[in-house]
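Here are my notes on this one, jotted down as I went through it. Have the structure open while you read.

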Amino acid sequence: LEAIRTIFRRFDIDRSGFVDSTEFLLLGQARRGLGHRSGEWTKAQNARFVQKLDRTGNSEGESGKVGEQDFVAYFDEVLPRQCTEFDAAVAELMEAVMAVESIELSTVTTTTDPRPHQRALSSNPN
């Protein structure tokens, strides 16, 4: 479970104590951009995913945020149990986090556009 907690902490890009729908959207888009998954990660898919993860609600009563307990419980259920497959799944998730962190860092230092990461992560070049 510690590996899943580590993933949660890395997914919590803004360090709010929650992974919110914006962070999941960026990560979903990154996974597609990296070839981990095919197709487009849409806002509608993202909203359904966040709703599925937020099993207990969060302490602030806001929708669109997932706390560590719900995150860990969900991924503990869905990630493979075999060590090799689990490690590969964790590596993919961490690679997506690093891609988003890299884009977020370059965005802060190179542009004033608040949403360049959406263009950078888009799998559709047009």
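1. Start with Val19, which has a relative accessible area of 0% and so falls under the 20% cut-off for buried. Keep in mind that this is a predicted model. Val19 sits in strand E1, which covers residues 18-20.

2. What does Val19 touch, leaving aside residues up to four places away in sequence? The list is Phe8, Phe11, Asp12, Phe24, Gly64, Lys65 and Val66. Gly67 is worth a look too: its C-alpha atom is 6.6 Å from that of Val19, although the two are 48 residues apart along the chain.

3. Stepping back to the whole chain, I count along with the assignment: six helices and two strands, in the order α-β-α-α-β-α-α-α from the N terminus. Of the 126 residues, 38% count as buried. If you take contacts between residues at least 6 apart in sequence, 54% of them join residues at least 24 apart.

4. Now the largest pocket, with about 360 Å³ of space. Its lining is made up of 16 residues, and Arg31, Arg37, Phe49, Phe75 and Leu93 lie nearest the centre. Helices H2 (21-33), H4 (68-78) and H5 (83-110) are the elements that each give two or more residues to this lining. H2 gives the most, with five.

5. What is the lining of the largest pocket like by class? It has 11 nonpolar residues, four charged and one polar.

How values were computed: Residues numbered from 1 in each chain as written. Predicted model: local features only at pLDDT ≥ 70, side-chain atom pairs only at ≥ 80, totals over all residues. Heavy atoms only, no water. Helix = DSSP H or I, 4+ residues; strand = E, 2+ residues; numbered from the N terminus. Buried < 20%, exposed > 50% of the residue type's maximum accessible area, 1.4 Å probe, protein only. Contact = heavy atoms within 4.5 Å. 1 Å grid on protein atoms, 1.4 Å probe; cavity = no way out; pocket = protein on both sides within 12 Å on 5 of 7 lines; lining within 4 Å. Points joined across faces, edges and corners; volume = space filled by probe spheres on them. Nonpolar A, V, L, I, M, F, W, Y, C, P; charged D, E, K, R; others polar.
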